[in-house]
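I opened a new page for this structure.

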Amino acid sequence: MRSQVYEWSNLQTSANQLRRLSTDQPVQVTANREYDIFTGGIGNNITKPAETTATQFIVIEDIAASPVLSGAVQIRINTTDYFQNPDVTNMDGIPGLASPYPRGANSTLDLTSVTASSVGSQNILKSFDLYPDVYVLPGQTFQILYTTSVGTTSTDATSTEVVSCFVKYTLYDGPDALIANKLLELGVTINPNNVDWYKRSLIEQQQRSRVAAAAGGQA
Amino acid sequence: MRSQVYEWDSTGMTVANVVGQRTSIFVGGVGNNITKPAETTATEFVVIEDIATTPTLGCWAGITADTVIRGLIIDGAAGTAGIAGPRSYVQVRINTTDYFLDPDNIPNDGIPGAASPYPRSIDFQPAFNLYPDVYVLPGQVWDVLVTFYNAGAFAAGTSVAGELMCFVKYTLYDGPDALIANKLLEMGISINPGNVDWYKRSLLQAQA
């Protein structure tokens, strides 16, 4: 099991770019459009949609976005959005103001001024904690979708804004993924502690069986 | 067992030569270095508990060049617009394997400074906690690699103190503690000072 993060920004040198480059510049993010941070075509992307293999289990523990431009971040598992309105209609997801990235970032960066003096002095802290975690079961595809209802201001790379998105997850692979599935069946929360606890209980069970077999042999 | 830290500062680095490249904070030839690659002997066990690097803040690309925002420099030149700070990432490598991967299982640059900032401040707080810890088993070579993409975060062509930094916190278990750490690993128990002490106590109780 490994702790993993993925950070996305609207910075690129060319469309559908896989690696970050030192020549990256901000590109426009259109208002009210969902951008998949993995394969959305702008910013840094990965080679294929995020998915788990038959021997992988992913637990998404945190998502966050820049607390500017009314940005929000949504999780989609296969075709189902995780966050919904109370009337079960679609929504943009967790607002960047509730789960800011970076933590402590300012929300009132004056986006129409060229002076740094207009940068807000307050530090936005998180109001949202992704608990319970979101499970991506083996064989599922998942997306993290960034949406801003305002959009960045211009198509010009020197006068648009840089926005970011962040996801923290734990990847369980191999035997750890099997244990994660077992914990899911048992209704136990999947986290590194509980996976270790299950391993320990298996080892203890084996030891007890060995002792019992040895005692039986002596009798 | 001993709690240890290593702080790297890129002071004196020729920015243009290193931008976009992975650089070892131990033996990369840039900033402060150590005498040989970091490795564990047969009687050592290292648990890496935290890594961090200089943070970055996205902002408006039109901000005047060489403005300082929250201690980070922003440069309006191509490739640097809208980014205050070095846009740095930190990766852990054990032997030849990178620890942090993208969801497509391809190694990435690692943890962004915006998620795990060093130093931490009111302006820059951590969103990432390295849990579970990273274990470096006896006989393994390990490295911490920093990559930055924003050459505009430096006031001049050569970096000065504090412009790009990296931090690693780890615990070194040596001698009998390393043996106990291996035993805990076999048992599926997290290796931390509390559990090592617990195992010692249980051995003493079994003897008594």
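I began with burial: of the 219 residues in chain A, 42% are buried. I note here that the model is predicted.

Next I looked at the contacts in chain A between residues at least 6 apart in sequence. I found that 69% of them join residues at least 24 apart.

I then went through the secondary structure of chain A and found two helices and eleven strands. Along the sequence the pattern I read was β-β-β-β-β-β-β-β-β-β-β-α-α. Chain A is more spread out than a compact globule, because its radius of gyration is 22 Å, well over the 17 Å that the globule rule gives for 219 residues. I also took the box filled by the C-alpha atoms of chain A, which is roughly 85 × 35 × 35 Å along the principal axes.

Which strands form the open sheet, and in what order? I found four strands of chain A in the order E1-E11-E5-E9, with antiparallel pairing. At the edges I noted strand E1 (2-9) and strand E9 (134-136) of chain A, each of which pairs on one side only. From one strand to the next, the twist averages 30°.

I looked further at one pair in this sheet. Strand E5 (residues 56-65) of chain A pairs with E9(A) in the antiparallel sense over three bridges. For A:Val59 I found the bridge partner A:Tyr135 in E9(A).

Last, I checked what packs on the sheet. Helix H1 (residues 175-186) of chain A does, touching E5, E9 and strand E11 (164-173) of chain A. The direction of H1 makes about 95° with that of E11(A).

Methods:
Residues are numbered from 1 along each chain as its sequence is written. Chains are lettered from A and ligands numbered from 1 in the order in which they are written. This is a predicted model: local features need pLDDT of at least 70, side-chain atom pairs count only at pLDDT 80 or more; totals for chains, interfaces and linings use all residues. Two strands pair if DSSP finds at least two bridges between them. Axes are lines fitted to C-alpha atoms, for helices over the stretch in contact, and angles run from 0 to 180 degrees between N-to-C directions. Two residues are in contact if their C-beta atoms, placed from the backbone, lie within 7 Å. The radius of gyration is taken over C-alpha atoms; the globule rule is 2.2 Å times the number of residues to the power 0.38. A residue is buried if 20 or more other C-beta atoms lie within 10 Å of its own, exposed if 12 or fewer, and partly exposed in between; C-beta atoms are placed from the backbone.
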